[in-house]
Amino acid sequence: MTPAPTPNIFAPVSTPAFQIRELSFFVLGITAVIFVIVAGFAIYTLIRFGRRPANPDLEPAQVYGSKQIELAWTVVPLLIVVVLFLVTARYTWGIERRAQPPDALEITVVGNQWWWEIRYPKLGIVTANEIHVPVSDAANPAPTFITVQSVDVAHSFWVPQLAGKMDAIPNKTNRVWIEPRQVGTYVGQCAEYCGLQHAVMLLVVVVHSQDQFRAWVAAQQSPPVEQGTVTAGRELFSSLACINCHTVRGTPSNGVFGPDLTHLMSRSTLGAGAARNTPENLRAWVKDPGAFKTGALMPAMKLDDTQLDQLVAYLVTLR
Amino acid sequence: MSSVPSVVPVPRDIAPASESSGVLAILHDWVVTVDHKRLGIMYVVTGFVFLVIGGVEAALMRLQLAWPGLTVVPADTFNRLFTLHGTTMVFLFGIPIVFGFGNYLVPLMIGSRDLAFPRLNAFGFWMLVFGGALLYFSFIGGDGLYGSGSAPAVGWFAYAPLTERAFTPGNATDYWNLSILITGVGTVATAINLIATIATMRAPGMTLGRMPVYVWTMLTVSGMTVLILPPLTAAQIMLLLDRFLGAHYFDTQAGGSAILWQHFFWFFGHPEVYILMVPGFGFASEIIPVFSRKVIFGYATLVVATLGIGAVSMSVWAHHMFTVGMGATLNSFFAISSMLVGVPTGVKIFNWLATMYGGKLRFRVAMLFCCAFLFQFLCAGLTGIMLAVAPFDWQLTDSYFVVAHFHFVLLGGLLFTIFAAIYYWFPKATGRMLSERLGRWHFWLLVVGFNLTFVTMHFPGVLGMPRRIYTYPADRGWDLLNLVTTAGVPLQAAAVLIFLFNVVYSLRHGAPAGDNPWEAWTLEWATSSPPPVYNFATLPPVTSRRPLWDVQHPDDPDGPHE
Amino acid sequence: MIGFIVAEMSLFAVFVVAYLFYIGKSATGPYPREVLDLPIVNTVCLLSSSITVALATRALAAGRIARAGAWLFVTVVLGLAFLAGTAQEWRRLIVERGLTIGTNLFGSTFYPLVGLHASHVIVGLVMLSLCVVFAFSGALKAVHRERVELVSWYWHFVDGVWVVVFTVVYVVGR
């Protein structure tokens with residue numbers, strides 16, 4: 001996978017992020033002008049009146065105020081505020097009240113301590129930490145509407161190049177939409193302090209061409225292929241407590257506390273960014289998640305080496 | 001015209017009891033004092049102790065973040081550090097300094113003998129001390145969740161439901177809750193005290209319209225405190241009830257609302273930061289005219305602007321919540337109120353510049369700090385406007401951009417004016433001048449270090465770096481920026497150390513100050529340095545805002561111009 | 001005292017806001033309509049105690065210490081009656097109807113709001129009782145009328161809060 005670019009808010013690839021950038025240029029322009037005028041006047045004043053005066057003991061003329069000047073410098077900023085507000089309101093409404101087209105892709109993102117559950121309700125897909133969406137272009141607009149929720153504490157969904165933040169608040173359902181116009185991988189992470197591992201709650205959004213997206217969907221929808229060589233591992237998975245927290249579609253395991261593992265190996269990281277998803281890291285993770293991510297809510301399962309090898313051999317078949 | 005008596009010899013029988021000798025006796029005098037001047041000094045000293053502690057916490061965090069993947073401190077310690085850093089700086093440094101200066105200066109500026117309720121004053125101070133001690137006791141108290149004591153790790157704003165028992169076992173949250181509750185009660189008491197004093201104890205002739213601008217700022221923030229601190233107390237009581245009696249105010253698992261806590265907290269929290277900053281405006285309004293040798297330009301607008309900031313700032317709180325999903329209507333309301341509050345704030349900058357224009361500027365250290373404050377606060381205000389634009393805020397909030405913004409306000413704005421105030425009033429309080437040479441070292445190191453750190457800090461925020469993270473991935477492009485940000489820390493630390501040395505050294509060896517070393521014009525300069533315990537033996541007549549100007553310029557007093 | 005009262009009003013306001021916010025949001029019962037009866041007697045006692053304390057301060061200003069002491073005593077008795085009524089109501093709610101602070105959102109917000117008010121009543125009663133004691137011991141004089149008046153302002157405030165609590169909890173909330 002090509003490395004993702006820096007999540008720069010000024011390098012948008014999605015419509016709402018473009019709109020925010022447009023608005024920001026307007027605001028930055030106004031503030032820059034104000035800064036230049038005021039700071040310029042300040043520097044001028046400091047230099048001109050800071051020079052050693054001819055007769056330092058004589059007090060300068062005492063100017064108590066000027067109604068006209070004070071009125072002017074109150075009214076002008078007020079007018080600027082009015083203009084700024086009207087523009088702000090237009091963009092706020094424009095982004096927040098975007099109507100959802102009937103065939104838009106719907107995703108539900110659920111914040112957990114400290115990972116993201118991703119569901120595609122209409123497609124029957126459940127995955128974790130990595131979101132795949134189709135690219136949108138003028139001929140085939142394909143926005144994705146995201147419902148943002150939380151099962152525990154407050155989190156915040158933020159992929160800067162795609163949209164502004166949307167908080168994941170327990171007991172509340174929020175909505176945000178994206179419309180990526182460029183294929184690629186974009187990153188983000190949780191933006192609301194949610195406890196110990198708030199820093200390791202990364203997000204990856206992969207934007208595919210429409211064909212590749214359909215292929216991804218098909219792969220995710222199909223259950224993992226049964227492989228005879230890993231029966232031992234599969235038995236371990238079923239008999240140990242794994243199935244209490246994890247789901248693998250097509251098997252009896254249907255736990256919902258932890259990420260869905262049906263297509264575990266299709267994701268690029270473990271533990272929402274705690275480590276790259278390789279068989280070695282996977283083995284180390286299962287042995288002791290706390291080694292990668294202190295305080296992760298998955299317990300160390302205390303398996304011996306043989307059990308670990310068997311289990312991992314099974315897990316790597318979950319593509 | 002009578003001349004102002006400079007030092008009134010104190011008859012022996014009414015000399016203050018503090019002439020006792022022996023360390024224990026002196027300590028006793030300070031502990032039992034109800035004198036506003038001593039309490040003021042104690043507040044400021046306590047505040048600076050916590051400033052240093054908070055600074056160490058910040059330095060540790062910056063060390064950790066200087067490069068990706070560092071493990072200077074473990075994750076849970078880092079989370080405790082930013083919680084305590086924020087809590088300490090706001091509640092244990094900012095508020096004590098604000099009310100400590102108010103304590104010291106207000107009676108002197110209005111010509112009264114003390115505050116209206118001296119014992120209540122002492123009560124407020126000791127609540128601060130005990131609250132602060134309780135908060136820091138958390139490091140060693142109890143059986144912490146992850147082994148490093150019970151210090152809270154919930155952020156200074158303690159969002160629910162992270163603070164509920166389900167998500168934060170142990171007593172860490174309770175330490176945060178109770179210590180702030182205690183200090184809060186003390187703060188409200190002091191605020192009420194100041195309001196009563198200003199309302200009833202002004203010198204004859206000092207109408208409200210003749211009070212120094214600084215006294216107006218203290219009146220405004222005291223009024224704000226009385227209105228907005230109890231809501232925090234209420235929310236904290238509710239949190240206590242949730243945690244100890246099984247109530248469900250913020251317990252989302254039982255239908256409670258996380259957003260309700262945010263509304264309550266920020267209804268307090270936003271005016272709180274104005275309470276911290278507005279007295280800094282008061283300092284600038286006193287210091288800049290004296291070092292420009294000109295009367296403040298537009299006293300009436302300044303006062304109205306101050307009151308306006310106080311009022312409007314109570315209506316902006318949910319701009320901290322633009323991303324929680326309040327809806328376009330509420331988002332727009334809070335956007336416009338937040339932009340509006342910028343107008344009276346900006347107008348003040350114009351007043352100060354207009355005061356300097358046409359004056360004869362003297363660049364003593366106090367004035368240097370005020371000049372830097374002007375530029376830095378301008379930047380802070382403008383980034384604040386950016387944050388008021390709700391959609392832009394959706395990208396900027398909860399990132400290092402907003403951290404840079406509020407450090408520009410509180411460090412670049414408030415701390416710089418506090419240092420200006422200390423260089424300005426230290427001679428009055430102690431009778432000795434601080435060293436200008438050391439002061440210039442202090443100033444330049446701080447200006448360079450501060451801007452190096454906090455200008456740079458805006459950029460990781462814009463590049464997607466969120467707040468409150470104990471480390472970050474190496475491939476985001478944030479490394480170099482974080483390194484430069486950290487590089488400013490030693491400069492700022494050196495600056496503060498030089499300042500502390502300056503204070504200690506000058507207490508012994510500073511040049512004698514005399515009554516009015518700066519040739520200033522307000523009442524506090526009409527008594528000795530330090531003032532006698534009863535403040536004024538006699539007062540000059542108060543017929544304008546600058547009583548001493550009138551005394552020095554009998555041919556052109558201020559009165560007819562006002 | 002005014003500053004103190006403003007601060008307290010701010011404190012109560014937040015509890016009232018929380019109560020209003022959670023009206024109708026309890027997931028399970030008991031619900032307000034089912035278990036709350038209008039506390040008429042309580043309210044009459046408390047509100048009339050405002051009248052008696054006003055009479056007491058007037059008497060004191062006129063120099064009639066014994067009469068002032070008597071009115072203060074009646075005020076305290078009425079306040080105690082109010083507290084007794086509240087205690088009785090709570091006993092009924094907790095023991096008979098099973099409503100505790102942790103039962104649901106109604107319980108979570110009802111007890112703290114009414115309890116906060118009751119705790120302020122207790123503080124007021126302590127201050128008033130001291131006044132009664134001083135009146136009957138001879139320490140209270142007409143020159144102290146300002147201080148007693150401040151206490152009476154606090155008491156009026158407490159009664160005013162009850163009017164709000166009554167409206168919000170027993171009228172609007174049901």
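Which residues does S257(B) touch, not counting residues up to four places away in sequence?

## S257(B) and its surroundings

The list is Y249(B), F250(B), T252(B), F21(C) and Y22(C), where contact means heavy atoms within 4.5 Å. This is a predicted model: local features need pLDDT of at least 70, side-chain atom pairs count only at pLDDT 80 or more, and totals for chains, interfaces and linings use all residues. Residues are numbered from 1 along each chain as its sequence is written, chains are lettered from A in the order in which they are written, and side-chain values use heavy atoms, with hydrogens and water left out.

S257(B) sits in the loop between α6 (213-245) and α7 (258-292) of chain B; helices are DSSP runs (H or I, at least four residues), numbered from the N terminus. With 11% relative accessibility, S257(B) counts as buried (under 20% relative accessible area, 1.4 Å probe, protein chains only). A polar atom of its side chain lies 3.0 Å from the backbone nitrogen of L260(B).

## Where chain C meets chain B

Chain C brings 20 residues to the contact and chain B brings 24. Together they bury about 1,700 Å², with carbon and sulfur atoms giving 78%; buried area is the accessible area (1.4 Å probe) that two parts lose on being put together, summed over both. On the chain C side, V14(C), F15(C) and Y22(C) lose the most area to chain B, together 27% of what that side buries.

Technical notes. Helices (H or I, at least four residues) and strands (E, at least two) are DSSP runs, numbered from the N terminus. Buried means under 20% relative accessible area, exposed over 50%, partly exposed in between (1.4 Å probe, protein chains only). A polar contact is a pair of N or O atoms within 3.5 Å; within protein, one must be able to donate a hydrogen and the other to accept it, and residues adjacent in sequence count only if both atoms are side-chain atoms.
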